[in-house]
Amino acid sequence: MTDNTPLRSIAIVGGGTAGWMAAAALARVLGPHGPAITLVESEEIGTIGVGEATIPPIQTFNALLGIDEAEFVRATQGTFKLGIEFVDWLRPGHRYFHPFGVYGIDKGAVPFEAMWQRLRQAGAAQPLEAYSICAAAARAGRFMPPQPGNTPLAHIGYAFHFDAALYARFLRRHAEAAGVVRRQGRVVEVLRGDRPDRIAAVVLKDGTRIDADFFVDCSGFRGLLIAETLGATFEDWGQWLPNDRAVAVPTANSGPPAPYTRSTARAAGWQWRIPLQHRVGNGHVYASRHLSDDEATATLLANLDGEPLAEPRQLRFRTGRVDRFWIGNCVALGLASGFMEPLESTSIHLIQAGIARLLEMLPTRAFEPADTRRYNRLMAAEFESIRDFLILHFHATERRDTAYWRALATMPIPETLAERLAIHARTGRVYREADELFTKTSWLAVMDGQGLVANGYDPLAAAMPVDELRTRLQRIAAVTHAAVGHMPAHADFIARHCAAAAPAPARP
Ligand code: FAD
């Protein structure tokens, strides 16, 4: 007879961002009478230690944990993020902004995007940024959280930049306060259960054996449980997203922190700039097929706007996902489940999405295969829609200046993305598929920013006279511009509400 009783114990292998996010959330939701939760981490192996930009759904995760936002920003030397500025992506010298939040306001069933496309084709629309409170505020270096009322200030979308090491520490405090037991030690053996898809226990170097009903693999790229033990295979997406290395270096602040991430295209990759309270995070993501590590480091060091605070650090990665995220009594989260380059700051979100789905389908000791299949299907779809969104940035470009950009601009793309581009080209229409992460604002921002111009417009806007559209959109742009004037400077907002008490210790 199947044992349909609740889980008695959960073991999380890995104490990076994924492990501590999982530990904090599971302990908080399942409570003191839920399963005993143990987290194993190896100081010898360490964590990847990057991952400093986020997207707005992280607010939901913080709320789930009962985190006070000001305390969180203070503890992590955090700043606020209103979107991403893309520099030189369409062609050198060009820049555009991918904002959080929304563009303008719909008119009944007619989406703002449809009105804008129609007016644009009549030659009377302003650039998209004029209709986004987040883009306008970012340009002005201002920030405040959304305000009540019928104002663009109600539509401010935001996320955070933070120090990855401090974030892990912050989550650890929450998790341990909620009852999670931390074990330090290297897992040297994984013991199989009574079926091929079951794990019984992990064994540490000092001989300690940790048994559990359920295992969460947060062991990083290696996938100690999901891949090495249970045999998940890796689906490689390098043919579309060829970047496979990064070099990162922190620098001293050279001015007040900008409320956005900057991504600057380079000859064989791109460079990030993430402002924190105590420093700026910088990194160069590149394709090793096109650029050597030394060249990548030299490019990064030649393009910093502050003094380096540490030696540059090299990181290697593979782009893709495991074929199954959940097998038997083990689910993989974080880098153990797959990775896509940090262009749109999606990895921490994918951890959060995995945790949310796990809680939604929390198994009993019967481990219902239908739940497992559903989890795997939903996570695969989530990874794939993000993959397509990332490919869009590299593929829709006028750049042909290096072999890297020529290859990306001319490569065959996934059918799912090709279909979106065809619909947009014909009708200017963008859509959000089912539960996918990126909104219509995001798709439109990047399609437009990367130079895709629609030939037509959504017939929903056809009945609206151009003069009416012009007046309406002019008003939206004017109100948006005026609203920014009511926002404080980002640095002043931080100083008033969430300044970190003292500089954090230097990163290892
Ligand atoms: P890790 O940090 O690698 O942690 C693995 C853990 O497993 C460690 O604690 C390790 O000690 C433990 N472990 C491994 N093997 C054993 C063993 N045998 N025994 C015991 N313990 C073991 N994400 C974003 O959302 N935003 C970003 O801006 C962003 N930027 C990134 C930039 C780069 C260049 C890269 C590579 C990633 C970036 N990410 C970003 C992704 C983000 O860093 C990761 O998603 C996040 O840190 C989660 O990592 P993890 O916890 O899965 O793995």
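A salt bridge, as the term is used in this talk, is a side-chain nitrogen of Lys or Arg within 4 Å of a carboxyl oxygen of Asp or Glu. Please keep that rule in mind as we look at this structure, which is a predicted model.

I begin with the domains. The assignment for the protein chain gives domain 1 as 9–78 + 162–236 + 320–380, domain 2 as 88–159 + 386–487, and domain 3 as 245–312.

How many residues of domain 1 are in contact with domain 2? There are 13, and they meet 14 residues of domain 2. The size of an interface is often expressed as the accessible area lost when the parts come together. Here domain 1 and domain 2 bury about 1,300 Å² between them, with 71% of it on carbon and sulfur atoms. On the domain 1 side, the residues that lose the most area to domain 2 are Met340, Leu343 and Glu344, which together account for 39% of what that side buries.

I turn now to polar interactions. The side of domain 1 that touches domain 2 consists of six nonpolar, four polar and three charged residues.

What does the salt-bridge count come to for the model? The rule finds 34. In one of them, Arg182 pairs with Glu43, and their closest N and O atoms are 2.8 Å apart. Arg182 belongs to strand β7 and Glu43 to the loop between β2 and α2, so this pair ties together parts 139 residues apart in sequence.

Finally, the aromatic residues. The structure contains 29 aromatic pairs. Among them, Phe143 and Tyr158 are arranged edge-to-face, at 5.4 Å centre to centre with 70 degrees between the planes. Both Phe143 and Tyr158 lie in the loop between α5 and β6, 15 residues apart.

Note on methods:
Residues are numbered from 1 along each chain as its sequence is written. This is a predicted model: local features need pLDDT of at least 70, side-chain atom pairs count only at pLDDT 80 or more; totals for chains, interfaces and linings use all residues. Side-chain values use heavy atoms; hydrogens and water are left out. Domain bounds come from an automatic or database domain assignment. Contact means heavy atoms within 4.5 Å. Buried area is the accessible area (1.4 Å probe) that two parts lose on being put together, summed over both. Ala, Val, Leu, Ile, Met, Phe, Trp, Tyr, Cys and Pro count as nonpolar, Asp, Glu, Lys and Arg as charged, and the others, Gly among them, as polar. Rings of Phe, Tyr and Trp (its six-membered ring) pair if their centres lie within 6.5 Å; planes under 30 degrees apart count as stacked, over 60 as edge-to-face and the rest as tilted. Helices (H or I, at least four residues) and strands (E, at least two) are DSSP runs, numbered from the N terminus.
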